[in-house]
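Let us take a walk through this structure together. Have the viewer ready and follow along one stop at a time.

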Amino acid sequence: LKMGKVRPSYTQQAKIPKNKLDLCPMCNESLYLNDEYTQRVGLLDEDDYCCGWMCPHCDGMFDTDNNLTGINGMDEMGEA
């Protein structure tokens with residue numbers, strides 16, 4: 001019986017299929033977690049209505065249409 005090199009499972013990372021990539025529009029980090037959940041952090045308004053989401057990687061804040069509304073926890077964007 002020939003024994004090959006075996007890697008422990010914790011060192012192997014499953015590759016995410018291209019059709020499951022869910023990238024942040026600002027930092028391009030993957031927000032995919034699994035088929036049911038995302039890594040997006042939901043943002044609620046004062047009436048507990050979901051008004052957008054935040055990227056856990058870059059802290060970019062977006063509305064429900066993925067438009068950038070803030071950066072690093074600042075929810076008001078100035079004009080350039």
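The tour goes from the sheet to its aromatic residues and then to the cysteines.

Please keep in mind that this is a predicted model. Strands of a sheet pair through backbone hydrogen bonds, either parallel or antiparallel.

Now look at the pairing from the E1 end. Strand E2 covers residues 50-54, and its antiparallel pairing with E1 runs over 4 bridges. Here valine 41 stands opposite methionine 54 in E2. The two strands E1 and E2 form a hairpin with 5 residues between them, and in the turn you will find aspartate 48 with a positive phi of about 60°.

At the other end of the sheet, strand E3 (residues 61-63) pairs with E4 in the antiparallel sense, over 2 bridges. Phenylalanine 62 has leucine 68 in E4 standing opposite.

How many aromatic pairs does a search of the whole structure find? The search finds 1, and the partners are tryptophan 53 and phenylalanine 62. A pair of aromatic rings is described by the distance of the centres and the angle of the planes. For this pair the centres are 4.4 Å apart and the angle between the planes is 20°. Because planes under 30 degrees apart count as stacked, this pair is stacked. Both tryptophan 53 and phenylalanine 62 are buried. Tryptophan 53 has a further contact to show you: arginine 40 lies over the face of its ring, at 4.3 Å from the ring centre.

The last stop is a pair of cysteines. Are cysteine 24 and cysteine 55 buried or exposed? Cysteine 24 counts as buried, at 1% relative accessibility, and cysteine 55 is buried too, with a relative accessible area of 0%. The disulfide count comes to 0. For cysteine 24, the nearest cysteine sulfur is that of cysteine 55, 3.8 Å away. A disulfide needs the two sulfur atoms within 2.5 Å, so at 3.8 Å cysteine 55 is in no disulfide with cysteine 24.

Key. Residues are numbered from 1 along each chain as its sequence is written. This is a predicted model: local features need pLDDT of at least 70, side-chain atom pairs count only at pLDDT 80 or more; totals for chains, interfaces and linings use all residues. Side-chain values use heavy atoms; hydrogens and water are left out. Two strands pair if DSSP finds at least two bridges between them. Buried means under 20% relative accessible area, exposed over 50%, partly exposed in between (1.4 Å probe, protein chains only). Rings of Phe, Tyr and Trp (its six-membered ring) pair if their centres lie within 6.5 Å; planes under 30 degrees apart count as stacked, over 60 as edge-to-face and the rest as tilted. A charge sits over a ring if NZ of Lys or CZ of Arg is within 6 Å of the ring centre and within 35 degrees of the ring normal.
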